[in-house]
Amino acid sequence: MGKKKGGKRFSKREIADALQGLFQAHPGEALTFKQIFKALRLDTHPAKMLAIDTMEEMAWDDYLSKVDNNSYRLNLKTQVQEGTFIRKANGKNSFMPDDGGKPIFVSERNSMFALNGDRVRVAMMARRQNHIKEAIVTEILQRKHDQAVGILQVEKDYAFLVTEGNFFVHDILIPKKKLKGGKTGQKAVVKITQWPTPDSKNIVGEVVDVLGEQGNNNVEMHAILAQYGLPYKYPKRVEDAANKISAEISEEEIARREDFREVTTFTIDPKDAKDFDDALSIRTIGDHAKSQKPKAKSQLWEVGVHIADVSHYVAEGSIIDKEAEQRATSVYLVDRTIPMLPERLCNFICSLRPDEEKLCYSVIFVLDEEANIKDWHLAHTVIRSNRRYAYEEVQDILMGKEGDYAEELRTLDKMAKKLRERRFSNGAVKFDREELHFDIDKDGKPTRCYFKKSNDATQLIEEFMLLANRTVAEFIGKVGKSGKSGDSGKPSKGKTFVYRIHDQPDPQKLESLRAVLAPLGYKVKTSGTRGAISKGLNKLMSDAEGQREQKMVETLALRAMMKAKYSTHNIGHYGLAFDYYTHFTSPIRRYPDTMVHRLLTRYQEGGRSANQDHYEELCEHSSMMEQTAQQAERDSIKYKMVEFMADKVGQEFDAHISGIQSYGLYCEIDENHCEGLVGMHDLDGDYYEYDERNFCLVGRHHHHKYQLGDAIRIKVARANVEKRQLDFILAD
């Protein structure tokens, strides 16, 4: 060991830490031994030799690059990366590289007080004896959050905001003059005005909105939205702009469009929907000979998929458009919709309400009875819906009940079934996931909790929307020898377009799925063609249907799938087995659909290809906002779930294990589908270890195993509405 001045020895750990600090402070420089010894004040031979040996090891570990026999520099190529900081409440923070690599551990002392979701630059640290890869944050490039939601605590001389979760490492100090009238115990939204620095760990902010008292339904829903940076009220200037838009349709505008006002047309939506952005029309257009034989004939049908023409009313770059672009999507919480567009547009002017003339952008198909496309075209239209249906009404008619337009609905249902059958035979993955719903009273309290499954009525609409989306994507994306969209032949350069893409499943996750399910007798194909893998997944789902482990199989299979997103770079949609797919059918609630409408109109009018970089940025923003909205929706479901169970503490229920983590078991109650946690400390009689590969907990001494899908009897222990946590214990 070397010696410090004064006789104290350096340890190898101290030398390594000092070297790391020195090279990170001079990332682009080659440092000579002489410069290093001087900077670290190494003035004894043993200390200098220990430093040289340590640098040699750092070079072997790719942390340093050897410039010559007497100098080293930081290996910037592998040691400096950019990505996202993930903060954990337990201090096990991590860094997620942009290149999609594995997360890298970041200790709290090396975090530079980065917050959850921040974009950061890190330097890799030389590996210690435990060989754990570790990083140190060297710069915070972009803050993810500039506001926080929490509960105010007002003292005599100061105030602060107590936040929950892992967004902020410390409570936020608030000058008393910046409270905006907020009082202790109230929920508030606070904007950060000062971030932590090396000299001060404090986060300082000011109140921008006092939401109100805890427990109030509106306050809690607004808090969920504000937590994710989502708007919970509409800017008045945008609403004022919308209120100036005329709902009148001029004769000149009608003359420019195809007129479907006299064609049988209807909308089919959830019973509580207000924004009807799609309608179907249907009429016969004569016979079509299927073969040379005179008697072999098939009826032809004209089916119109009519979509609200939002882009007619919302000019690109207008104040309404900019607000819609920023929001990117409507947000659907349990008890409310936070619309992308102002109410006058989404619920009145653009909504395809019955017995009102409406402007649409439509895909008009000519289909035979086997749902084969004989012809189609894209047109701006004017329609008048004859009837507004709820899904339940249509389902009754499809089951045999008499009603308006029963023949038309049953004809569409038959064609939808043909389309659906072909889609799965072509390799689409069959995920008919149940959706959790609540019945809510006038005060927002949940009175019933249940799952909704898809049925023939919902699938009817789904198939025709998929058909329209796929068809317009092919119209632009399928580019032939002539270079024109829609041509057959070898592809050439196409025009900029917005696609909905979905990549193939992660091979490693598929292999994990195979390994977990093999002992249960299930086979999973993890290699081969795209169609072979998807058909294998469908068979897996079919084999598991009705079995005890059905939910486990569905959950694990879903985890192996990639997330769908928007992009101008088309790779196809794996889950749907479409080579070209987009979102065209919901411009009232999704901004990418409005982008697609504008691009289609531009190209129909002979316009040149749009700027791809601009649209790719919009695609990335829309994908990000979609995920954020989904997180907020899940949080609102958690809140209502805990609220629904609050008066059931102490009651016992049959349940099954729906999730397993290192800290306990997630259990879903069979009768109402509410999910809670049995903590590891509540699993008596043994010490349980988490087998991550096989998704189970195993007792160290008695080897009892808890596995996904197992039936279990639980008792409701706690229902913490504020933290949205439902805790169970095992029933005796």
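1. The buried residues of helix α9 pack against α6 (236-243), β19 (336-338), α10 (343-349), α17 (591-604) and α18 (612-645), where contact means heavy atoms within 4.5 Å, and where helices (H or I, at least four residues) and strands (E, at least two) are DSSP runs numbered from the N terminus. This is a predicted model, in which local features need pLDDT of at least 70 and side-chain atom pairs count only at pLDDT 80 or more, while totals for chains, interfaces and linings use all residues. Residues are numbered from 1 along each chain as its sequence is written, and side-chain values use heavy atoms, with hydrogens and water left out.

2. Which residues of α9 are buried? In this helix, which spans residues 319-327, they are I320, D321, E323, A324 and R327, buried being under 20% relative accessible area, exposed over 50% and partly exposed in between (1.4 Å probe, protein chains only). They lie on the same side of α9 because they cover an arc of only 165° around the axis, the arc being that of the directions from the helix axis to the C-beta atoms. K322 and Q326, on the other side of α9, are exposed. The helix is followed by A328, whose phi is positive, near 70°.

3. Helix α5 (residues 217-227) also deserves a comment, for its axis and that of α18 come within 9 Å and cross at roughly 150°; axes here are lines fitted to C-alpha atoms, for helices over the stretch in contact, and angles run from 0 to 180 degrees between N-to-C directions. That crossing angle makes α5 roughly antiparallel to α18, on a scale where angles under 35 degrees count as roughly parallel, over 145 as roughly antiparallel, 65 to 115 as roughly perpendicular and the rest as oblique. On the α5 side the contact is made by N217, E220, M221, I224 and Q227, and on the α18 side by A632, D635, S636, Y639 and K640. The residues of this contact divide into four nonpolar, three polar and three charged, with Ala, Val, Leu, Ile, Met, Phe, Trp, Tyr, Cys and Pro counted as nonpolar, Asp, Glu, Lys and Arg as charged, and the others, Gly among them, as polar.

4. From α2, residues F33, I36 and F37 meet K48, A51, I52 and M55 of α3. The residues of this contact divide into six nonpolar, no polar and one charged.

5. K180, in the loop between β11 (172-174) and β12 (186-194), has a positive phi of about 55° although it is not a glycine. H673, in the loop between β28 (664-669) and β29 (675-679), likewise is not a glycine and has a positive phi, of about 70°. Is each of these side chains' residues buried or exposed? K180 is exposed, with a relative accessible area of 58%, whereas H673 counts as buried at 17% relative accessibility.

6. T471 is found in helix α13 (residues 456-477) and, at 4% relative accessibility, counts as buried. Leaving aside residues up to four places away in sequence, T471 touches F365, I373 and W376.

7. M552, in helix α16 (residues 550-560), is buried, with a relative accessible area of 2%. Not counting residues up to four places away in sequence, M552 touches L517, L520, Q707, L708 and G709. M552 and H656 are 104 residues apart in sequence, and their C-alpha atoms are 9.8 Å apart in space.

8. A731 lies in the segment after β34 (725-730) and is buried, with a relative accessible area of 17%. Which residues does A731 touch, not counting residues up to four places away in sequence? They are E652, R713, I714 and K715. For E652, which is 79 residues from A731 along the chain, the C-alpha atoms of the two are separated by 6.8 Å.
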